[in-house]
Amino acid sequence: MTIVGSLLKRGIGLTAVIQRPKNNLAKLQKKTLIKLLNKARFTQFGEKYHFEEIMNSALFSKDKEFYTKYKNNVPVYDYNKMYHEWWHKTHAGEKNVSWPGKVKYFALSSGTSEAASKHIPVTKDMVKAIHRTSIRQILSLSAYKNLPAQLYEKGYLMLGGSTKLQDMGSYFEGDLSGITAGKIPFWFERFYKPGKKIAETRDWSEKLDKITQKAKDWDIGFIVGVPAWIQVLMEKIIKEYGVKNIHEVWPNLEIFCHGGVSFEPYKQGFEKLLGRPITYIETYLASEGFLAYQTHPDSDMRLVLNNGIFFEFVPFNDDNFDADGVMANKPETLMIDEVEEGKEYALLISTVSGAWRYLIGDTIKFTNKKNAEIIITGRTKHFLSLCGEHLSVDNMNKAIELASKHFGIDIREFTVVGKKVANTFAHHWYVGTDDTVDAQALTLFIDQTLSEINDDYPVERKHALKEMAVNVFPASTFYDFMEAKGKTGGQHKFPRVLKKQDQITEWESFLAKRKAY
């Protein structure tokens, strides 16, 4: 047992106890909102929506008067509305628009549903907040009792976007992972891989090749990234060195920290690349901020309630969202103490980057309200309810996970298209695997599984939803499609649902050209 590792592990344990969050979640969130309002009250946004008045209400009034005022004064926003009304001025270099000062960095994000890139402001305060939450996550490792002390001296491989940002004259733009990795604390640099030089590489394939060539020289203990691309990287490394599994190259690999998409559909294939079990830790880091992370083994992610983000929760139902997932102008919104376990909510966030009552686009469920623990269930626009089947991405992920286990196959990607066929409806699944599987048997299994886990699905299958089909392709089909769209890299995810006609046409045309039907 190394001396440095032992000291780090002991220090992490002591610090985690000292910094353990309090259980009065509403109070934490109230303090967070007060800090946000106080800092932004003299911005254009703050003056228009009377932030000082709302802040004074929060400071001197009892109960929820402050939140009532906040809801009444400040409208809800999605990205398009926020950019059109406010962020376009920030993007043009104007100061004090929705957050004090001038914004120097913008994260490029297309999410999984939009064709054009979004420009999300990333302020200095947001970078600091993300780093604080990242440190808290490292401190939380004290709860994982089985981790060896020497782990804390090992390399920390972060597979993200280029740290060499695009210089646009008055600002810089790039992936959030590239922005934050380029500003890591100096004390962390000795642990950080792939290092500054490789991290600057913009070409994704070239970056993976460079990491593969250096992999044998590193002693990696932690890996951070999107599951699909981490899996691709590990396969390249295993092939390059002619080994059976990644632990023959990185014997001290103990932790995979994943986010961006559900890990469960990837787990079956991922574990084939390991020499022994490792610890999985889930995170919720979006372009708009670091929202949640897993603090204990066998628990779900905990929302970060006291670090620059104020959360509101919109019941994800027909009263607040239309059939296309578009939010109502005045939806019902709740604070953290008003939510219920097991119900689905869309997230609104107000942040230190000048987002206010901003629809981030994800849907979540609380699994433990007392500890603010959540799971991500999907996207507001990524669900299928053509005729009342109410099929969520969470349902789809579960069906794919169980199918992988049942057939013993590695399903790397999938997407689902909903269609109207004559007077009825159909679901067409596109599944990416390099393993052999009977498409008809897979179709039957997924259909039966969905009938078991979703009460509405079997009812509609008997009536309006007359067709359900599964098409199986090599996993490379999905990656090649993303590459053709210029969307390779750790921040890009293949959408689990294709709903817009132009998206469906583009995908099916691509498949037709490859003679994949």
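Tyrosine 156 faces tyrosine 192 of strand S6 in this predicted model. The pairing belongs to a parallel contact in which two bridges link strand S3 to S6 (residues 192–193). S3 (residues 155–158) also runs parallel to strand S7 (residues 220–225), with four bridges between them.

**Pairing around S3**
- Leucine 157 has lysine 193 as its bridge partner in S6.
- In S7, the residue opposite leucine 157 is isoleucine 223.
- Strands of a sheet pair through backbone hydrogen bonds, in parallel or antiparallel fashion.

**The sheet of 11 strands**
- This sheet is open, its pairing is mixed, and its strand order is S6-S3-S7-S8-S9-S10-S11-S15-S14-S13-S12.
- S6 and strand S12 (309–315) are the edge strands; each has a single partner strand, so one side of each lacks a neighbour in the sheet.
- Helix H2 (residues 25–40) packs on the sheet through S12 and strand S13 (344–351), and its direction makes about 115° with that of S12.

**The sheet of four strands**
- A further open sheet, again with mixed pairing, has the order S2-S1-S5-S4.
- Its edges are strand S2 (118–122) and strand S4 (166–167); because each has a single partner strand, one side of each is without a neighbour in the sheet.
- S4 and strand S5 (residues 172–174) run antiparallel and are joined by two bridges.
- Aspartate 167 is placed opposite phenylalanine 172 in S5.
- Helix H6 (residues 79–91) lies across strand S1 (105–109) and S2, at about 60° to S2.

Key. Residues are numbered from 1 along each chain as its sequence is written. This is a predicted model: local features need pLDDT of at least 70, side-chain atom pairs count only at pLDDT 80 or more; totals for chains, interfaces and linings use all residues. Side-chain values use heavy atoms; hydrogens and water are left out. Two strands pair if DSSP finds at least two bridges between them. Contact means heavy atoms within 4.5 Å. Axes are lines fitted to C-alpha atoms, for helices over the stretch in contact, and angles run from 0 to 180 degrees between N-to-C directions.
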